[in-house]
Amino acid sequence: MDSSTIKKRELPHYFKDEHQEFEACKVGMWAFLAQEILFFSGLFVAYGVYKFFNPEMFLYASSLLDWKLGFINTIFLIISSFTMVMAVFHIQHGERKKTLINLSITFLLATLFLVIKAFEYKSKFDHGYFPGMHFSGEGPFDSLHIFFGLYFTITGLHALHVLIGMGLILWLIYRVYRGNVTKEYFTPVEMVGLYWHLVDVVWIFLFPLLYLL
Amino acid sequence: MAGHFIIPKKYYQMTFIVLLILTVFTVIISRVDLGLLNTPVAILVASIKAGFVGTYFMGLKWERSNLIFVFGGIAAIILFFLFTFIDLAYRGEISTQVIRPYDYKSPVKIIENYKSKGH
Amino acid sequence: MKNYINEKSGILSWLFTNDHKRIGIMYLFTIFAAFAVGGFAALILRFELLSPDQILLTAKQYNQSFTLHGAIMVFLFIIPSIPATLGNIILPLQLGANDVAFPKLNLASFHIYILGAIFCIASIILGAVDTGWTFYTPYSTTTNTAVLSMVTGVFILGFSSILTGVNFIATIHYLRAPGMTWFRMPLFVWSLYATSIIQVLATPVLAITLVLLMLEKVWGIGIFDPAIGGDPVLFQHFFWFYSHPAVYIMILPAMGVINEIVTTFCRKNIFGYHAIAYSSIAIAIISFLVWGHHMFTSTSEVAATVFSFLTFLVAIPSGIKVFNWIATMYKGSIDFSTPFLYFIGFMVLFVIGGFTGIFLGTLAIDVHLHDTYFVVAHFHYVMFGGTLYAFLAGLHYWWPKMFGKMYSELQAKIAYWLIFIGFNLTFFIQFIMGSKGMPRRYYTYIEEFQIYHQISTVGSWLIGLGFIVMLYYLVASLRSGEKAPNNPWGGLTLEWTLPSPPAYHAFENTPTVTQGPYEYGIEKNG
């Protein structure tokens, strides 16, 4: 399937040229990302409030999390951000194969992230650290369930965003493979890339706050 | 898209290395107890990393106009934290000094030594 | 003549359209349906309040009625009202564009709205919520009414709002006609831009608040319920961080419409274009600083004092606008058609609402007036007398453009006066009631308040009657109204250069703009 057999993409009727479309899409995506930042901000505020009220409990609870797994996950996401941005780079140069490789590695790393998270969750469940009312963990603090409630909520919502990102990357792989996304029109790759970087940035903040402090 | 500016690979590679180094640094610095500065330092390092992702990976270095979304979001978050903590930090400070300009008998009883627990 | 309405037929061509005008019309019908449901809930609860004893609702059903009224009116009616209907249809036309930046996203916003509405309405059947539209914890996390259904619905509706905001920001940045600089845009566009900023930054906090509420209810996470270690005031911070800016999502587009009305019907350039544009952005920013004034009786005194001071600031840009509108009227050539009547009504009612907002922002007064009818009257003056009046003004102004038909001026004026008198009867008395101590959301009350409640209820009937008349003449207009010319009111913004109603592809040739939007020429001398 080479690009000469694919029809050139038709610009939507209300845009005057491709440049206007690309810039408009970028602004739209940034506005959406601003929204995502505020969405996670509520969780950070909740975290901050309860850490302020229970400093020793939080210190103890974060030691129960495995920082090495968190560290590996952070590295995975950072590498995936790099491969994502290289995917954008390659499609801008029309290098379809390299784009597909980079997108696939990004997808793979995201999967590994979720696998490690699944292992972490399982090990918490084994100790009885369930979210909310099912919490049955023992420890020196009787407010320990608050930390874990927040932990599962924050990492769970983040993982959900990773999952959504993975779906978007699969969709991109499909479109690049079919030739709908090319050097001339790579806007979708750029947009998913921006989203993916935000998912990475949220984790960059979560890792030290949850695991290391 | 003909003629569209493509960010040179070297910026991505440099950012990638910096991020890896800073992540290791994050772990190392967390081992050092800085007392009250622990949280601010962790957030500072994370912010620097996020700054690199935003500036280079997300292209903000070449797109100053989109910075407003980042700053807008950050400003809103700061406001959220600031005012919530103004409330939280000053909880439980019901004035024990009662000002009675007309010296009438108020039906309200002041509970002495009231300290809200907050948790 | 082919226009966007008759261009393609069949329900699917509407439900899956990408045309901003059709999407706006669909929103128009759904939000009016929501208004009818919310209005009906209001009539019922006011009816119950005719007597301190039970008439037809139990206390729990009364709580469910005011919750339904509040939640539906806020989330299903007012927040989407102007942006999703008038904004969707008119914004691109005023910019000289043929659609918004992301039409498919626009359609998605509409479908998301419908989905959210279904969840909200479903809650009525599943066990109508009785927490009040504010869903305060720990009652909302422990009550057995269908909080989850309603809250899921509101969560979904939030995304409809966010995506509309994203769409408008991109549209305003990039789809302006050549020559239309930022300061040549109609002020309605400025107001939608400021609204979109708030929609994008504030609504996600509501989203996370509702997610946390749902998790608390389902899993008992322990964030808001003190019995399990949580903090109920934290919920209030989270909730009001969105809900205060939300009221500016309601009023900013309304003020935007007012700019259009006052210039067209006074046949005069707006006084202080830059001041109004900047004050819109200022309101958007300051709106994030004041949420604690909903919590004066539950936050610490230090925080309350800070919030009280900041609340005074937010009135300043609104005041600037009001003065500019008055100055615009001065020596204008006034046309007292229905849209202008709604403008005058807006000026009176919004100013009363605004002043009483200052009273409530004053900490020492608010501790007495909090949770009384004074607050209820205040917000109805600004939301109904402000936003709804501006919405009706815009509806009557752009009706000929949207549908190509005129409506009966006489019937419109009858409806107007029924609503105006009814509204003041219903709500002015509530200021008095509230300052005398009648609490809000109370099912019963002491003898001395009964006469106030009865007057208020009679007022509500007049409002209902007024809207029935409005429904009648608007439907009559659609069926057999006089055909509308391109520019019945003599407006100068770009939408009036198009046929009424416009074609699907509205601007065959993109216009070039060479002057501001309200250049009505030299003002007459005397």
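This is a predicted model: local features need pLDDT of at least 70, side-chain atom pairs count only at pLDDT 80 or more; totals for chains, interfaces and linings use all residues.
Chain A holds six helices and zero strands. Its pattern along the sequence is accordingly written α-α-α-α-α-α. Along the principal axes, the C-alpha trace of chain A spans about 70 × 30 × 25 Å. Chain A has 213 residues, of which 64% count as buried. The contacts within chain A can also be described by their separation in sequence. Among those between residues at least 6 apart, 79% join residues at least 24 apart.

The next subject is the interface of chain A with chain B. The size of an interface is often given as the accessible area lost when the parts come together. Between chain A and chain B, the buried area is about 4300 Å², with 81% given by carbon and sulfur atoms. Three residues stand out on the side of chain A: A:Trp30, A:Phe53 and A:Phe82 supply 16% of the area that chain A buries against chain B, more than any other three residues. In terms of residues, the contact takes 51 from chain A and 46 from chain B.

One salt bridge is found between chain A and chain B. In a salt bridge, the side chain of A:Lys26 meets that of B:Glu63, at 2.3 Å from N to O. The count of residue pairs in polar contact between chain A and chain B, with both residues at pLDDT 80 or more, is one. On the side of chain A that touches chain B, at least two residues each are supplied by α1 (18-53), α3 (67-92) and α6 (187-212) of chain A. Helix α1(A) provides the largest share of that side, 21 residues. Sorted by class, the side of chain A that touches chain B comprises 34 nonpolar, ten polar and seven charged residues.

Chain A also meets chain C. The contact here takes 42 residues from chain C and 33 residues from chain A. Together, chain C and chain A bury about 2900 Å² between them, and 75% of this area lies on carbon and sulfur atoms. Across the interface of chain C and chain A, zero salt bridges are found. Six residue pairs are in polar contact between chain C and chain A, counting pairs with both residues at pLDDT 80 or more. The side of chain C that touches chain A receives two or more residues from each of α6 (147-174), α7 and α8 (232-266) of chain C. The largest share of this side, twelve residues, comes from α7(C). By class, the side of chain C that touches chain A has 32 nonpolar, seven polar and three charged residues.

C:Asp99 is placed in the loop between α3 (59-95) and α4 (103-127) of chain C. C:Asp99 counts as buried because its relative accessibility is 1%, under the 20% limit for that class. The contacts of C:Asp99, leaving out residues up to four places away in sequence, include A:Tyr14 of chain A. Within chain C, C:Asp99 touches C:Asn18, C:Asp19, C:His20, C:Pro92, C:Thr171 and C:Leu175, under the same exclusion. C:Asn88 is eleven residues from C:Asp99 in sequence, and the two are 8.8 Å apart in space from C-alpha to C-alpha.

C:Gln199 belongs to helix α7 (residues 187-219) of chain C. With a relative accessible area of 2%, C:Gln199 is buried. Apart from residues up to four places away in sequence, C:Gln199 touches C:Ser161, C:Ile162, C:Gly165, C:Pro204 and C:Ile249.

C:Gln64 lies in helix α3 of chain C. The relative accessible area of C:Gln64 is 16%, and this residue therefore counts as buried, the limit being under 20%. Beyond its neighbours within four places in sequence, C:Gln64 contacts C:Gly127, C:Ala128, C:Val129, C:Asp130 and C:Thr145. C:Gln64 and C:Ala41 stand 23 residues apart in sequence, with 9.1 Å between their C-alpha atoms.

Technical notes
Residues are numbered from 1 along each chain as its sequence is written. Chains are lettered from A and ligands numbered from 1 in the order in which they are written. Side-chain values use heavy atoms; hydrogens and water are left out. Helices (H or I, at least four residues) and strands (E, at least two) are DSSP runs, numbered from the N terminus. Buried means under 20% relative accessible area, exposed over 50%, partly exposed in between (1.4 Å probe, protein chains only). Contact means heavy atoms within 4.5 Å. Buried area is the accessible area (1.4 Å probe) that two parts lose on being put together, summed over both. A salt bridge is a side-chain nitrogen of Lys or Arg within 4 Å of a carboxyl oxygen of Asp or Glu. A polar contact is a pair of N or O atoms within 3.5 Å; within protein, one must be able to donate a hydrogen and the other to accept it, and residues adjacent in sequence count only if both atoms are side-chain atoms. Ala, Val, Leu, Ile, Met, Phe, Trp, Tyr, Cys and Pro count as nonpolar, Asp, Glu, Lys and Arg as charged, and the others, Gly among them, as polar.
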